[in-house]
Amino acid sequence: FPVTIHQAENIAKPESDITFTLASVPVVTLSHFILASRQVLDDSPMLESYINTRLLYGLKLEEETQLLNGSGAFGNISGLNTNRTAYNRHVAGDTKIDTLRRAITQLALSEFQAEAIIINPAQWEQIELTKDDQKQYVFASVVNAAGPTLWGLPVVATNSQANNTFMVANLSQAAQVWDRMQATVELSREDDTNFRKNMVTILAEERIALAVYRSSAIIGGNFPQTP
């Protein structure tokens, strides 16, 4: 929003305006289940706790994948990478580190302050292992691992970000996650033939939506084929 500051007296204050465009985003149900015998769950509370934890962990992995890469097709979130603005500041000879710094500038030119870098763990490894001519690590500190950070920004290294790609974003301005139903774990003996077989269906489920407000606050693309 352009803001004008008047220091003189008896001058009308400037007005800003927000324009809204009506849009809708899907609320997506994420879920998966496993089968277990009733006897095992009755005899081993520790096993039940382990299963619940693993189910919720798998649900969060799928949530992360959808939030980053959901295609927007039926049953899918329209993810951050799907709505990103293409990186356009490549210079011949740039390294991965250069590329991320230029992406930060591309955000700044759109009036957004970068908040985070999202890359694949393989690319983050390459960056951390970058050495100077004296074979000293440029960014990484083997003794004092305080991070991961790059260019003063937190780095999220996740397999949900495709290999050799990156995202630099102001996530607080770019998008908002709507949690319509928090993750739950439910048990049922009535599913299919469970009752006859003394089996239990254990279902983990949640419902979420992602609204992307400003694609220009998400910069992404492919790394150059250089270190």
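**Exercise 1. Sort the lining of the largest pocket into nonpolar, polar and charged residues.**

Solution. The lining splits into eleven nonpolar, four polar and three charged residues. Ala, Val, Leu, Ile, Met, Phe, Trp, Tyr, Cys and Pro count as nonpolar; Asp, Glu, Lys and Arg as charged; the others, Gly among them, as polar. A pocket is an open set of points on a 1 Å grid over the protein atoms alone, where a 1.4 Å probe fits, with protein on both sides within 12 Å along at least five of seven lines; lining residues have an atom within 4 Å of a point.

The model is predicted: local features need pLDDT of at least 70, side-chain atom pairs pLDDT 80 or more, while totals for chains, interfaces and linings use all residues. Numbering runs from 1 along each chain as its sequence is written, and side-chain values use heavy atoms, without hydrogens and water.

**Exercise 2. Locate the largest pocket and its main contributor.**

Solution. Start with the 18 lining residues: F20, T21, A211, V212 and Y213 lie nearest the centre. Next, take the strands (DSSP E runs of at least two residues, numbered from the N terminus). β7 (175-188) and β8 each supply at least two lining residues. β8 gives the most, with three.

**Exercise 3. Is E206 buried or exposed?**

Solution. Then read its relative accessibility, 1%. E206 is therefore buried (under 20% relative accessible area; exposed is over 50%, partly exposed in between; 1.4 Å probe, protein chains only). Finally, list its contacts (heavy atoms within 4.5 Å). Beyond four places in sequence, they include K60, E63 and Q182.

Note on methods
Helix = DSSP H or I, 4+ residues; strand = E, 2+ residues; numbered from the N terminus.
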